[in-house]
Amino acid sequence: VVVIECRRAGEGITKNTTAKITSQHGLIYKKLLTYKGEQRALEYAMANQLAIQKYEEIIDELQIDCDYEVLPNYIYTLDNEQKILQEVEAAKRLGLPAVFTRETTLPFKVKAAIRFDNQAQFHPLKFLDAVADTLKIYENTRVTQIHKSGLIITDQGSVRAKHVVIATHYPFINVPGFYFIRLHQERFYLSALEGENREKFNLDGMYLDADPDGFTFRKYKDYLIIGSGGHRTGKYQPPDAYEMIEKAARKWYPNAKVKYRWSNQDCITPDSIPYIGRYSVRTPNIYVATGFNKWGMTSSMVAAMIISDMITGKENEYRKVFIPRRLMLSGSRVLLKDMAIITISLLAEHLKIPHDRLKDIERGKAGVIRHNGQRVGVYRDNNDKYYFVTTKCPHLGCKLEWNQNELTWDCPCHGSRFDYQGKMINNPAMRDAFDVCIKKKRTHD
């Protein structure tokens with residue numbers, strides 16, 4: 001087995017995860033029972049429970065020091081007890097370790113919560129470093145093409161393989177597969193606090209609000225990690241996501257200070273189930289693992305188990321629920337919304353006329369101007385230096401939107417992201433977004 005990595009192993013999404021190893025993926029089991037039926041819901045539940053066990057086996061076998069802790073995971077609500085009760089009933093029906101409770105160690109009262117016992121958290125990079133030592137990895141090697149024959153073209157040479165697994169976060173091959181109309185990406189913001197007394201930070205487990213606008217909590221050594229402010233990449237961003245988190249932290253932990261802050265990005269499927277299996281019917285020797293819906297730790301392990309079984313010819317009893325070509329009645333509304341956003345963004349790049357003027361763009365902000373008949377994104381730094389990019393995403397041509405929280409240009413269609421200079425940060429785009437009309441940085445007096 002050979003791993004081909006565009007940058008450095010663990011440098012992308014993995015390093016920014018909250019690293020909760022849990023089968024409790026929000027309030028998902030009532031939804032799965034309703035729309036997928038008991039058999040598929042059971043496959044999903046048992047696959048993720050087995051993933052937790054598999055982590056523990058690997059950590060024990062390789063003696064990995066990665067701060068692995070067995071802890072309960074909670075989904076709490078501040079206002080809707082009924083949906084927690086329904087989820088507890090659904091989870092118990094599937095044999096999951098679910099408990100209804102109103103008692104938590106959060107710094108505020110909750111209406112109700114569902115607790116899953118014997119879940120875990122860890123340090124993902126410490127785990128990955130140890131696992132990577134057993135593998136042959138070619139880093140800083142960008143894959144540019146994959147042929148049905150198993151020929152892989154990279155910027156460093158070519159590779160022939162009997163089987164190819166595309167685990168690139170967002171699949172970069174558009175046809176076949178058509179994942180670009182079956183996935184969107186979402187941002188999420190986090191801060192790590194320090195300085196509060198240990199008792200105040202002493203959470204008994206990992207926590208997530210059932211409300212998508214709520215907060216996530218987990219502890220790591222002397223730090224408390226708080227996250228919130230999720231939104232679709234390239235669409236609405238909170239005016240200041242980090243300030244929103246820090247305002248809440250000041251209220252609940254007045255003696256703490258923010259030590260670190262960062263963000264992450266996740267691929268979202270219409271029905272909240274990952275795509276794991278064959279990339280398409282036309283490519284039987286190419287596999288995909290994507291759409292982890294913010295639960296990448298267990299989902300990636302599930303993908304590893306299912307795809308390795310498929311390659312070696314073993315039957316996997318859990319794989320059917322994850323088949324990429326499945327019927328998604330429960331996700332039809334999300335799928336239609338995604339397609340509408342793509343259509344509007346494609347049209348906007350060609351039809352909408354920007355009204356910003358260069359001199360009107362404030363320091364530390366960005367705007368869009370028309371230059372030589374084309375839309376151009378402009379960022380003005382605090383020293384009055386201007387940076388110009390094309391607002392046409394090099395992936396499929398959608399209109400890039402400015403993200404003031406992170407000073408980036410983001411694609412609302414498929415989640416590609418670029419810094420204010422146009423350098424690519426996140427795929428599926430395969431190249432930078434430099435403006436073709438303006439070749440260099442300009443300074444405005």
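Select Glu-38 to begin: with a relative accessible area of 40% this residue is partly exposed, a class that lies between buried (under 20% relative accessible area) and exposed (over 50%), computed with a 1.4 Å probe on protein chains only. The model is predicted, so local features are given only where pLDDT is at least 70 and side-chain atom pairs only at pLDDT 80 or more, while totals for chains, interfaces and linings use all residues. Residues are numbered from 1 along each chain as its sequence is written, and side-chain values use heavy atoms, with hydrogens and water left out.

Because Arg-93 lies in helix H3 (residues 81-93) and Glu-38 in helix H2 (residues 38-62), the pair ties together parts that are 55 residues apart in sequence. Helices here are DSSP runs of H or I with at least four residues, strands are runs of E with at least two, and both are numbered from the N terminus. Arg-93 itself counts as exposed, at 53% relative accessibility.

An α-helix has 3.6 residues a turn, so residues three or four places apart point the same way. Just after H2, Gln-63 takes a positive phi of about 55°.

From Tyr-44, move to the largest nonpolar core, which has 46 residues, and in which Tyr-29, Tyr-44, Ile-114, Phe-122, Val-302 and Phe-322 touch the most other members; such a core is a set of buried Ala, Val, Leu, Ile, Met, Phe, Trp, Tyr and Cys residues joined through side-chain atoms within 4.5 Å. Centre the view on Phe-322, which, leaving aside neighbours within four places in sequence, is in contact with residues including Tyr-44, Ala-47, Ile-273, Val-302 and Ile-306, contact meaning heavy atoms within 4.5 Å. A second, separate core of 23 residues includes Leu-106, Phe-108, Phe-217 and Tyr-253.

Next select Glu-406 and Arg-187, whose side chains meet in a salt bridge of 2.8 Å, N to O. This pair links distant parts of the chain, with Glu-406 in the loop between S21 and strand S22 (408-410) and Arg-187 in strand S11 (residues 184-194), 219 residues apart. Glu-406 counts as buried at 18% relative accessibility, and Arg-187 likewise counts as buried, at 2%.

End at His-395, in the loop between strand S20 (385-390) and strand S21 (401-403), which is buried with a relative accessible area of 12%. A polar contact of 3.2 Å joins the side chains of His-395 and His-414; the term denotes a pair of N or O atoms within 3.5 Å, of which, within protein, one must be able to donate a hydrogen and the other to accept it, and residues adjacent in sequence count only if both atoms are side-chain atoms.

Definitions and conventions: Salt bridge = Lys/Arg side-chain N within 4 Å of Asp/Glu carboxyl O.
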